[in-house]
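Let's take a walk through this fold, one piece at a time. Have the structure open and follow along.

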Amino acid sequence: MTLHDLLVRLLDVPGDIRVRISSIEPNLLGDDIIALAVANPKLVPHFHIPLQSGSDAVLRLMRRRYNTRVYQERIEAVLAALPEAAIGIDVIVGMPGETEELFRDAYQFLVDLPFTYLHVFSYSERPGTDATALDGKVAPQERTRRSAMLRTLSQRKRRAYYERQIGRTLQVLFESGDGSEVSGFSENYVRVSVPWQLGLENRVLPVRCEGLGKDVVVGTVLEKPAA
């Protein structure tokens, strides 16, 4: 059974459910899976696709089965089919052999790439791994600096993506509230907050996006929750 076959079976499960792919290697994200997300709204338009580095030289050191060309082509294929899809990316900085020049190449690749957010990790030594024997160790303080640069980039990209949602109506699965507001995630992984009202939690309801808060889109529920 392929991942596509498994997804087809999951999407046949009756009820108001969401299927979200939390991590998929770019070389495994085929056009058949993208087409499935287009055809079936239960497979939500959000793909978290590990990259690890935007430098082909570093990807070779990591023994990844793809390069930046393949990665970019897969991102472009997703967004051509689902223009408002959220794209999450895992990135590791400070891998032995990642020179300042290679990091700058990787950083520029990400600047130019249309993604939504990053999960940034600093390389840490693990006994017994081949990477510990590589030359070109990166100092811990330099790893921290590079991580900070990418996290700042991630914040800019996420905010720009959230700004694009203003004026749209999203389907939000409300999770929790504090008595003054309640928030949850839309199908395309936007955190949305609305004024608290009884009956929202654990419901999927349409919300009109009207503005930005801190790391959240604020809006108005368009459908009264059932009693």
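Buried here means under 20% relative accessible area, exposed means over 50%, and partly exposed is in between (1.4 Å probe, protein chains only). Helices (H or I, at least four residues) and strands (E, at least two) are DSSP runs, numbered from the N terminus. This is a predicted model, where local features need pLDDT of at least 70 and side-chain atom pairs count only at pLDDT 80 or more, while totals for chains, interfaces and linings use all residues. Residues are numbered from 1 along each chain as its sequence is written, and side-chain values use heavy atoms, with hydrogens and water left out.

Start with helix H2, residues 31-39, whose buried residues are Ile33, Ile34, Leu36 and Ala37. Looking down the axis of H2, these fall within an arc of 155° (taken from the directions from the helix axis to the C-beta atoms), so they line one face of the helix. Asp31 and Ala39, on the other side of H2, are exposed. What do the buried residues of H2 pack against? They meet helices H1 (3-11) and H4 (68-81), plus strands E1 (19-21) and E2 (43-48), with contact meaning heavy atoms within 4.5 Å.

Arginine 143 counts as buried because its relative accessibility is 10%. Neighbours within four places in sequence aside, its contacts include Tyr123, Glu125 and Val138.

Finally, there's a closed barrel of 5 strands, running E5-E6-E7-E9-E8 with mixed pairing; strands pair if DSSP finds at least two bridges between them. E5 (residues 169-177) and E8 (residues 204-212) run antiparallel, joined by 5 bridges, and glutamine 171 has proline 206 in E8 as its bridge partner.
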